[in-house]
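Please open the model in a viewer and keep the sequence beside it.

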Amino acid sequence: MEKILFLEGKFSEKIWGGSRLKIEYGYEIPSDNTGEYWAISGMEGESSTILNGAFEGKSLREIYKNDPELFGSSKEEYFPLLVKIIDAADDLSIQVHPDDEMGAKYENSKGKTECWYILNEEPSSIIFGLNVDKKEDAIRLIDQRKWKELLREVPTNKGDFFFVRAGTVHAIKKGSLILEIQQASDITYRLYDYDRKDANGKLRQLHLEKSKKAIKINKDEEKIKIISKDGYDEKILTENEYFEVREFKIKNEVVFERKKSYLLESVVEGSGEIEIEAKTYPIKKGDFFLITNAAKEYKIKGNLTIIESNPVGA
Ligand code: ZN
């Protein structure tokens, strides 16, 4: 059975997209308005492709379905997480995602809880939650279009982490480069778009009523734990009911035991190699791969930062 699956994802062009996926990650992007790289995806029509081994050329969506033992025979019907890089050359709209309950009721979809690991070298900012403690106050400010008063803007620096639970109003701001790990759902309600018009002079569609319904006043719940070990530093960024995310800063050589059914690995800095049961593969910034249920342990060498995630309860 395959122990490691390297992945190639899909790009999507956006009006707010840029060219940093080429400049900083060396990807061949479709244009200088490339907003997203869906690096680890089992989404329909947007699935990543396997680059190595017996499954080369197959889609992650396909092997997740046909070869469940690679994933510890997960009970989730579809690959439950989605990992993206987002390059925002302009502000994204102010938005909110439904939770599982609302997603099931209105969209025949899961909800979307997501998290952000900041990659931009230059400081930027994001909209993360609201300046009010009660939903009724939020609705009042929305109806009065008092956006500045309503929206909480927070500064971001490389390596910062934000847990964005479904219902949290949020927006990625210009200058942000973000690794996003989320529930595999693509349901977004647009609350406000800075009254921007498209090429035809039209305002982008908003989803005000659904947004208002979806909004929750979530408390910040980041409790980052730092564990210093021999040869590497580990930060537990989140352990929530959908996924776990950890940052590993590896300085020379580390042997890891696979403790979860399978692991999603995103190399965000540096280069090195991974050795997995007598086979060695080079790895570098911008590489994404899965450690499957067939791998017992693996050794990573080099000087690199890896963001590792796994689904919970899947
Ligand atoms: Zn979002």
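## First stop: N310

Select N310 and R246: their side chains are joined by a polar contact of 2.7 Å. The model on display is a predicted one, and the distances seen on this tour should be read accordingly. N310 belongs to strand β21, which covers residues 297–311. Is N310 buried or exposed? N310 counts as buried, because its relative accessibility is 2% and the limit for that class is under 20%.

Next, display the surroundings of N310. Setting aside residues up to four places away in sequence, N310 touches L81, Y242, F243, E244, R246, K260, Y262, L263 and L264.

## Second stop: the two domains

Now colour the chain by domain. Domain 1 comprises residues 4–214, and domain 2 comprises residues 225–311. Their C-alpha centres are 23 Å apart. How many residues does each domain bring to the contact? Domain 1 supplies 37 residues and domain 2 supplies 33 residues.

Select I40, F71, F79, I85, L179, F288 and L290. Within the largest nonpolar core, which has 38 residues, these are the members that touch the most other members. Both domains take part in this core: at least three residues come from domain 1 (4–214), and at least three from domain 2 (225–311). As background, nonpolar side chains in soluble globular proteins tend to be buried together.

Centre the view on L290. Apart from its neighbours within four places in sequence, L290 is in contact with K3, I4, L5, L7, I40, L60, F71, F79, L263 and L264.

The structure contains 20 aromatic pairs. One of them is formed by Y25 and Y27, a stacked pair with 5.9 Å from centre to centre and 15° between the planes. Y25 is buried at a relative accessible area of 9%, and Y27 is likewise counted as buried at 12% relative accessibility.

Move on to Y37 and F288. What is the geometry of this pair? The ring centres are 6.1 Å apart and the planes meet at 65°, so the pair is edge-to-face. Y37 sits in strand β3 (residues 34–40) and F288 in strand β20 (residues 288–291), so the pair ties together parts that are 251 residues apart in sequence. Y37 counts as buried at 4% relative accessibility, and F288 counts as buried at 2%.

Ring pairs link F11, Y25, Y27, Y37 and F288 into a cluster. Finally, show K285, which lies over the face of Y25 at 4.8 Å from the ring centre.

Select E114, which is located in strand β7 (residues 114–118). E114 is buried, because its relative accessible area is 1%. Which side chains does the side chain of E114 meet through polar contacts? One is that of W116, at 3.3 Å; another is that of H170, at 3.1 Å.

Not counting residues up to four places away in sequence, E114 touches H97, F162, F163, V164, R165, H170, E180, I181, Q182 and F243.

Go to K213 in helix α6 (residues 208–214). Beyond residues up to four places away in sequence, K213 touches M102, Y106 and K135.

The tour ends at L150, in helix α5 (residues 147–150). What is the relative accessible area of L150? It is 0%, so L150 is buried. A138 is 12 residues away along the chain, and the C-alpha atoms of L150 and A138 are separated by 6.7 Å. A138 is also among the residues that L150 touches, together with G129, L130, N131, V132, L141 and I142, when residues up to four places away in sequence are not counted.

How values were computed: Residues numbered from 1 in each chain as written. Predicted model: local features only at pLDDT ≥ 70, side-chain atom pairs only at ≥ 80, totals over all residues. Heavy atoms only, no water. Phe/Tyr/Trp six-rings, centres within 6.5 Å; stacked < 30°, edge-to-face > 60°. Buried < 20%, exposed > 50% of the residue type's maximum accessible area, 1.4 Å probe, protein only. Helix = DSSP H or I, 4+ residues; strand = E, 2+ residues; numbered from the N terminus. Lys NZ or Arg CZ within 6 Å of the ring centre and 35° of its normal. Core = buried A, V, L, I, M, F, W, Y, C linked by side-chain atoms within 4.5 Å. Domains from an automatic or database assignment. Contact = heavy atoms within 4.5 Å. Polar contact = N/O pair within 3.5 Å; in protein donor to acceptor, adjacent residues only side chain to side chain.
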